[in-house]
Amino acid sequence: MTEAPQPNSTFSRPTFFIMTGIPGLGGAQAWLTLVFGPMYLLSLLGNGALLAVVQTDSTLHQPMFLLLATLAATDLSLATSIAPGLLAVLWLGPRPVPYTACLVQMFFVHALTAVESGVLLAMACDRAVAVGRPLHYPILVTKARVGYAALALTLKAVVIVVPFPLLVARFEHFQAQTIDHAYCAHMAVVELVVGNTRANNLYGLVLSLAVSGIDILGITGSYGLIAHAVLRLPTREARAKAFGTCSSHICVILAFYVPGLFSYLTHRFGRHTVPKPVHVLLSNTYLLLPPALNPLIYGVRTKQMRDRLLEIFTFKKSQF
């Protein structure tokens, strides 16, 4: 009796990958559309409303609100880069994604995440100048400099993230074409590669530590300066007012970095203790939760934005 031939364990670069969504959940993952669907809807409506308000109201054409508009545009792009595909996989089951489209998505997801981290740093510096040097703020922080900062952050993200898809594209053979994920994360694709992936692993680690680490240090330093300036104010009311101008930004920072840090730590150090479905769920939550929360935070806690939104909705209501 002859032995059945063993299937080949490797194959050439596939024309497409198959996304499975949250591994191990099967048909039950369709219920997660009730979580991620509203998140994406909030991202679209909330960030779209913020962008529309800043664009149409000339009184909001100030550096602080232009940075907020940059954050909203980044959030809108980041959520849209993964949410449609995620919802399709969760609702309809595994789906094919062309190889090139996978690399493009990889680039945009990681680049937009880097841009968002940089925008949060820019906003922290803006608040540090506003609180610490209020008389010099109009001179030091201008609309032109905000534009240059946004351009610089975009170029930086492109330069540092381009190696991700390029490092994957150099491989010709893969172990499988099924990705146990809901989007084309760099390391999720690298796990399928046949070959030496040390460069991919090292670059991913260094980039995560360098970009997030530098931005977090900058944000921490900015808030150190803010705290120093606030504590020097003579009255409790003045200190509360100065701190209040930063409270929205602090909430946004926590919404972005806390889930991200938790997701990163569980991926790097809890791979053998935290189940794979939890890794994937955290990864998707980290990318979709901040875009959904940020417009709510700024819409509620920023007086000018809150008043303007109330005026718009009151005006529309009176028309009916």
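This is a predicted model: local features need pLDDT of at least 70, side-chain atom pairs count only at pLDDT 80 or more; totals for chains, interfaces and linings use all residues.
Local features need pLDDT of at least 70, side-chain atom pairs count only at pLDDT 80 or more, and totals for chains, interfaces and linings use all residues. Residues are numbered from 1 along each chain as its sequence is written, and side-chain values use heavy atoms, with hydrogens and water left out.

**Exercise 1. The salt bridges**

Task: Find the salt bridges and state whether their residues are buried or partly exposed.

Solution: 
- Start with the criterion: a side-chain nitrogen of Lys or Arg within 4 Å of a carboxyl oxygen of Asp or Glu.
- One joins Arg127 and Asp126, at 2.8 Å from N to O.
- Now apply the accessibility classes: buried is under 20% relative accessible area, exposed is over 50%, and partly exposed is in between (1.4 Å probe, protein chains only).
- Arg127 has 9% relative accessibility, so Arg127 is buried.
- Asp126 has 3%, so Asp126 is buried too.
- The other pair is Glu191 and Lys276, with the closest N and O atoms 3.9 Å apart.
- Glu191 sits in the loop between helix H7 (186-190) and helix H8 (198-231), and Lys276 in helix H10 (residues 276-301), so this pair ties together parts 85 residues apart in sequence.
- Glu191 is partly exposed at 38%, and Lys276 is partly exposed at 32%.

**Exercise 2. The sheet**

Task: Work out the strand order and the sense of each pairing.

Solution: 
- Helices (H or I, at least four residues) and strands (E, at least two) are DSSP runs, numbered from the N terminus.
- Two strands pair if DSSP finds at least two bridges between them.
- Three strands make an open, mixed sheet in the order S3-S2-S5.
- Strand S3 (95-98) and strand S5 (178-179) are the edges, each pairing on one side only.
- S2 and S3 run antiparallel, joined by four bridges; here Phe17 stands opposite Val97 in S3.
- Strand S2 (residues 16-19) and S5 are parallel, over two bridges; here Ile18 stands opposite Thr178 in S5.

**Exercise 3. Helix, sheet and core**

Task: Find what lies across the sheet, then follow the nonpolar core.

Solution: 
- Helix H3 (residues 99-132) lies across S2, S3 and S5, at about 80° to S3. Axes are lines fitted to C-alpha atoms, for helices over the stretch in contact, and angles run from 0 to 180 degrees between N-to-C directions.
- Phe17 and Met19 form the covered face of S2, while Phe16 and Ile18 form the uncovered one.
- A nonpolar core is a set of buried Ala, Val, Leu, Ile, Met, Phe, Trp, Tyr and Cys residues joined through side-chain atoms within 4.5 Å.
- The largest such core has 90 residues, and Ile179, Val189 and Met305 have the most contacts inside it.
- H3 gives the largest share of this core, 19 residues.
- Beyond neighbours within four places in sequence, Val189 has contacts (heavy atoms within 4.5 Å) with residues including Phe17, Met106 and Ile179.

**Exercise 4. Annotated segments**

Task: Check the helix content of residues 30-53 and 65-91.

Solution: 
- The unreviewed UniProt entry includes both among its "transmembrane region" stretches. Its positions follow the numbering used here, feature names are shortened, and annotations may be inferred rather than shown by experiment.
- Residues 30-53 are 88% helix and 0% strand, with end C-alpha atoms 35 Å apart.
- Residues 65-91 are 100% helix and 0% strand, with end C-alpha atoms 37 Å apart.
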